[in-house]
Amino acid sequence: MRGLARPPDNGVVASGAEEEPRVFRRGGISYLRVPAQDPRRSAAFYGDVFGWSVDVNRDDPGFEDGTGHVIGHFMADLPVAGEAGVLPYVFVERVDETLEKVVAHGGEVVTPPYPEGGLRVATFRGPAGNGIGVWQQGSAA
């Protein structure tokens, strides 16, 4: 298209008259199936720890993360990965406060907070045993 200016491709897929900037992002992770022996307990855990919106009124509770960019379900028929496989990290404002919530709601700290460049990072296991990382900007507690 020579001579015509094209808007930059921001990865957002148009849905007709307007753009949908949440889960419909080309190339963005948008849906997860999270293994959980007790899906309702896991849904409540992630809601309490990260403030995710959860729907526990079904056998495979649904969720939407704090940004609205990732949705998914907690699934009883999937094997728990533990620390094997993909290890997702969730950005938080304060790692230490998040880990306090993790422990208070039945999770377990795996790797205590440590500095990584200009970040502060830690990992934990949720009540189903899935490994999750958390990180914040800045290396101070």
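I'll start with confidence, since the model is predicted. The mean pLDDT of the protein chain is 85, and 84% of the residues reach 70 or more. Among the helices and strands, β1, residues 31-35, has the lowest confidence, with a mean of 93. Helix α2 has the highest, at 97.

Please find β7, residues 119-125. Which strands does β7 pair with? On one side of the pairing list is β6, residues 108-116, which runs antiparallel to β7 over six bridges. Within that pair, Tyr114 stands opposite Val121 of β7. The two strands make a hairpin with two residues between them, and Gly117 in that turn has a positive phi of about 60°. The other partner is β8, also antiparallel, joined to β7 by seven bridges. Here Arg120 has Gln136 in β8 as its bridge partner. This hairpin has five residues between its strands, and its turn includes Gly129, with a positive phi of about 100°.

The largest nonpolar core has 21 residues. Tyr46, Phe50, Phe74, Phe124 and Val134 have the most contacts inside it. At least two core residues come from each of α1 (39-50), α2 (95-104), β7 and β8 (131-137). Helix α1 gives the most, five residues.

Take Phe74 as an example. What does Phe74 touch, leaving aside neighbours within four places in sequence? Its contacts include Pro39, Ser42, Ala43 and Tyr46. Val34 and Ala36 are also among them, as are Asp60, Pro61 and Phe63.

Last, the largest pocket. Its volume is about 820 Å³, and 34 residues line it. Which of them lie nearest its centre? They are Leu32, Trp52, Pro88, Val90 and Ile132. At least two lining residues come from each of β1, α1, β5 (89-91), α2 and β8. The largest share, four residues, is from β1.

Methods:
Residues numbered from 1 in each chain as written. Predicted model: local features only at pLDDT ≥ 70, side-chain atom pairs only at ≥ 80, totals over all residues. Heavy atoms only, no water. Core = buried A, V, L, I, M, F, W, Y, C linked by side-chain atoms within 4.5 Å. Buried < 20%, exposed > 50% of the residue type's maximum accessible area, 1.4 Å probe, protein only. Contact = heavy atoms within 4.5 Å. pLDDT = per-residue confidence, 0-100. Pairing = 2+ DSSP bridges. 1 Å grid on protein atoms, 1.4 Å probe; cavity = no way out; pocket = protein on both sides within 12 Å on 5 of 7 lines; lining within 4 Å. Points joined across faces, edges and corners; volume = space filled by probe spheres on them.
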